[in-house]
Amino acid sequence: MFDFLVSSLTVAGIYGLMALGLNLQAGYAGLLNFGHIAFAGLGAYATGIAIQAGYSPLLGAALGVALACTLGCCVARLGKQLGSDYWGIATLAIAEILRTVATNEGWLTGGAQGISAIPSLFDAWARPWSALGFLGLVLVALAAAALACSRVGNGRFGRALRLMREEPQLAACMGYDLKSLKTRAILAGAALTALAGSLYAHYMSFVWPDYMLASETFLLWTMLMIGGLGNTAGVLVGVLLVQAAYAAVPFAKDYFQLDSDVSGALRLGLIGLILLACLLWRSEGLVREKLRKIP
């Protein structure tokens with residue numbers, strides 16, 4: 001039970017980092033990024049490839065952040081020619097292209113088998129201290145990211161992103177460079193998500209193409225919509241609630257003697273029910289975004 005709790009909190013922390021990165025783009029800037037998980041995939045694969053080549057985990061994480069930011073620049077450039085809806089579809093296509101490349105380029109990514117034997121960052125520690133050490137690292141990273149995102153959201157940059165989201169023409173009239181704002185929001189979210197992907201690779205000791213499934217992006221969107229777009233506290237609430245629902249399903253499976261297929265359907269149904277309830281009775285999320293009103 002203790003190991004299960006530590007594992008659930010660790011996964012929740014990693015997904016919290018990814019969700020905070022998506023919130024910078026979708027919550028503050030209003031960007032429909034449906035391929036956000038590609039940034040995490042790049043971070044995970046960069047870490048796996050670097051470790052496989054004999055380099056340090058820190059270099060792998062830095063390489064993942066650099067690749068994610070490069071992809072973010074490319075994605076941001078697409079937004080200059082495409083409307084928001086079409087741009088969202090394009091991001092989904094880019095993530096699927098990267099997943100296909102990871103599946104087929106076995107010489108670099110290990111193909112469908114992925115890259116294994118990625119060491120944890122605390123392998124030298126005895127159990128359960130290694131798991132607790134990794135959990136502590138994830139929670140420190142999550143706390144630092146949450147504090148940074150909160151300060152950004154409440155600062156001038158965050159107010160500019162909200163203005164661009166709500167009234168883009170007014171923001172342009174006030175002298176804001178909308179393309180620059182979008183690019184910086186994408187880069188910040190990409191870097192944070194790539195770091196989460198690197199931590200996930202170390203935690204799982206394995207990376208493979210299914211890390212970049214579209215369903216992972218929509219899971220992050222579900223966390224944001226349940227908790228509340230545009231505020232850090234709402235993101236964390238949504239992550240904890242979804243992860244709690246995921247963690248509760250194995251107990252229901254054992255108690256009701258359910259098979260794996262039924263338990264998988266129960267997990268999806270439970271998350272869908274929570275999302276539907278929030279959309280019907282709390283459409284802005286469990287923690288509503290607080291906007292400054294000028295009298």
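**Note on the predicted model**

1. Ser-205 is partly exposed, at 28% relative accessible area (buried means under 20%, exposed over 50% and partly exposed in between, with a 1.4 Å probe and protein chains only). Ser-205 sits in the loop between α9 and β2 (206-207). Helices here are DSSP runs of H or I with at least four residues, strands are runs of E with at least two, and both are numbered from the N terminus. Ser-205 has a positive phi of about 60 degrees although it is not a glycine. Most residues other than glycine have a negative phi.

2. On the basis of the values: this is a predicted model, in which local features need pLDDT of at least 70 and side-chain atom pairs count only at pLDDT 80 or more, while totals for chains, interfaces and linings use all residues. Residues are numbered from 1 along each chain as its sequence is written, and side-chain values use heavy atoms, with hydrogens and water left out.

3. Ala-117 also has a positive phi of about 60 degrees and is not a glycine. Ala-117 lies in the loop between β1 (115-116) and α6 (129-154). With a relative accessible area of 67%, Ala-117 is exposed.

4. Asn-231 belongs to the loop between α10 (214-227) and α11 (232-256). Its relative accessibility is 11%, so Asn-231 counts as buried. A polar atom of the Asn-231 side chain lies 2.5 Å from the backbone nitrogen of Gly-234. A polar contact is a pair of N or O atoms within 3.5 Å; within protein, one must be able to donate a hydrogen and the other to accept it, and residues adjacent in sequence count only if both atoms are side-chain atoms. Not counting residues up to four places away in sequence, Asn-231 touches Asn-23, Tyr-28, Val-287, Arg-288 and Glu-289 (contact means heavy atoms within 4.5 Å).

5. Thr-232 lies in helix α11 and is buried, at 9% relative accessibility. Leaving aside neighbours within four places in sequence, Thr-232 is in contact with Leu-20, Asn-23, Tyr-28, Ala-146, Cys-149 and Ser-150.

6. Ala-40 is in helix α2 and is buried, with 5% relative accessibility. Apart from neighbours within four places in sequence, Ala-40 contacts Met-18, Thr-193, Ala-194 and Gly-197. The C-alpha atoms of Ala-40 and Pro-168 are separated by 29 Å, the two residues being 128 residues apart along the chain.

7. The second largest pocket holds about 420 Å³ of space. The elements giving two or more residues to its lining are α1 (2-28), α2 (37-52), α9 (178-204), α10 and α11. α1 gives the most, with six residues. The lining has 26 residues, and Val-11, Tyr-15, Tyr-200, Glu-216 and Tyr-246 lie nearest the centre of the pocket. On a 1 Å grid over the protein atoms alone, a pocket is an open set of points where a 1.4 Å probe fits, with protein on both sides within 12 Å along at least five of seven lines; lining residues have an atom within 4 Å of a point. Grid points are joined across faces, edges and corners, and a volume is the space filled by probe spheres set on the points.

8. The count of disulfides comes to zero, a disulfide being a pair of cysteine sulfur atoms within 2.5 Å. For Cys-74, the nearest cysteine sulfur is that of Cys-73, 6.8 Å away. Cys-74 is partly exposed at 46% relative accessible area, whereas Cys-173 is exposed at 70% relative accessibility.
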